[in-house]
Amino acid sequence: MNTTITDVRIAVHRSEQPFLPDKPGSGTFGVLTIATDGGVEGHTFFSGAGSVPDHAARVLAENVRGQLIGLDALDTGIVWQRLWRQERTLGSVVIGAVDVALWDIVGKVAGLPVHRMLGTAKTSLPVYISSWVHERPEDYAEEALHYRELGFTGYKLHPPVQGRTMYGRDVPVEADLAAYRAVREAVGPDMALMADSPFVYSFEEALRVGRLLEDLEYTWFEDPLPPDDIAGYERLRRHLRIPLLATEMTPGGPYNYAQWVTHQATDYLRGDVFFKGGITALTKIARTAEVFRLGFELHDGFNAIGNVAGAHVAFSAPNAGWFEVLTVQPTGVYGLDNFSYGLTEPMRIENGALHAPTGPGLGQPIDWERINAGIVATY
């Protein structure tokens with residue numbers, strides 16, 4: 001089959017629902033299609049927290065499209081290395097988008113799901129529900145109970161103090177402590193609980209919170225300190241028993257992880273396909289974690305295809321633990337609409353576990369009628 005790249009199509013879609021409940025328009029994401037002379041096409045959506053899809057779309061159109069035309073779509077490694085040498089100007093979101101679309105082509109040409117191409121290590125993963133930011137402890141407790149009743153066995157809090165960085169509010173750390181206690185008291189000892197306080201604590205606050213989480217038997221303590229504070233994580237890890245999960249927002253794609261491993265500053269490596277540079281990059285991260293006997297945890301993919309692509313990597317990683325489903329809903333509203341937005345059907349979740357796609361490529365068909373109806377720009 002001919003697999004020479006002949007066309008690169010880029011669009012921006014504005015969804016009917018925001019990605020963040022209090023930010024209209026935050027559901028905007030890019031749509032990339034890479035076409036080959038054999039008729040096989042690869043697709044992805046691209047977006048990321050804080051990223052502007054319009055900017056990434058322009059970079060793809062002006063700086064990347066011309067580089068891709070004429071290349072073999074199956075040469076994922078060659079293309080990734082060529083683009084990664086330009087990471088400072090292209091950005092990881094752009095590189096990740098191209099890489100995911102190419103892997104979609106590779107799987108379709110082979111007639112296999114991407115995780116089979118990577119080396120399937122497992123066919124299901126337990127799912128944890130990841131909260132949005134609420135104000136009251138009981139809001140978290142009620143949400144955790146709701147999803148426990150639906151069969152989910154894990155729940156992660158984005159605690160109130162995150163309002164410091166998101167809204168400029170002076171939220172005391174006591175608000176987080178109350179929320180962590182309320183959820184554990186509500187769900188009892190058998191539900192896995194995690195804490196994710198993106199980069200907002202001082203060292204002293206992180207130490208105080210971590211000790212409470214240990215008493216409450218939380219599974220991990222995620223991103224308590226700034227992502228460049230390796231020394232702080234080393235220090236914190238010496239004082240706490242609870243595992244630390246860092247590296248979500250570290251720059252440098254897969255090449256930044258060596259110092260986190262050698263400094264013993266985290267107990268897991270973590271990432272997604274767009275912040276880190278695609279399926280190729282995320283696979284490097286998962287393998288690095290594996291050879292150093294560390295856990296690998298998948299970060300939310302910011303859109304439906306991002307989650308699908310990341311899941312393929314997780315299914316190929318024997319050290320992958322959980323699958324994150326982020327529920328960015330207003331307080332008191334429950335649902336997983338963002339998880340499958342733009343697909344004809346969501347990935348299969350049964351009895352609290354995500355099951356590996358079986359179709360070729362990414363294996364989750366796109367709802368083109370819905371996507372095309374929301375296109376606001378083409379490049």
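Which residue forms a salt bridge with Glu205? The partner is Arg164, with the closest N and O atoms 2.9 Å apart; a salt bridge here is a side-chain nitrogen of Lys or Arg within 4 Å of a carboxyl oxygen of Asp or Glu. The model is predicted, so local features need pLDDT of at least 70 and side-chain atom pairs count only at pLDDT 80 or more, while totals for chains, interfaces and linings use all residues. Residues are numbered from 1 along each chain as its sequence is written, and side-chain values use heavy atoms, with hydrogens and water left out.

**Salt bridges across the chain**
- The structure holds 16 salt bridges.
- Glu205 lies in helix α9 (residues 203-215) and Arg164 in helix α7 (residues 163-167), 41 residues apart; helices (H or I, at least four residues) and strands (E, at least two) are DSSP runs, numbered from the N terminus.
- Glu205 is buried, at 18% relative accessible area, whereas Arg164 is partly exposed, at 24%; buried means under 20%, exposed over 50% and partly exposed in between (1.4 Å probe, protein chains only).
- Arg9 pairs with Glu41 in a salt bridge, the closest N and O atoms being 3.0 Å apart.
- This pair links strand β1 (residues 5-13), which holds Arg9, to strand β3 (residues 41-46), which holds Glu41.

**A buried pair and its network**
- Glu324 and Arg270 meet in a salt bridge (2.9 Å, N to O).
- Glu324 is in strand β11 (residues 323-326) and Arg270 in strand β9 (residues 268-271), so the pair ties together parts 54 residues apart in sequence.
- Both Glu324 and Arg270 are buried.
- A network of salt bridges links Lys156, Asp196, Glu222, Glu248, Arg270 and Glu324.
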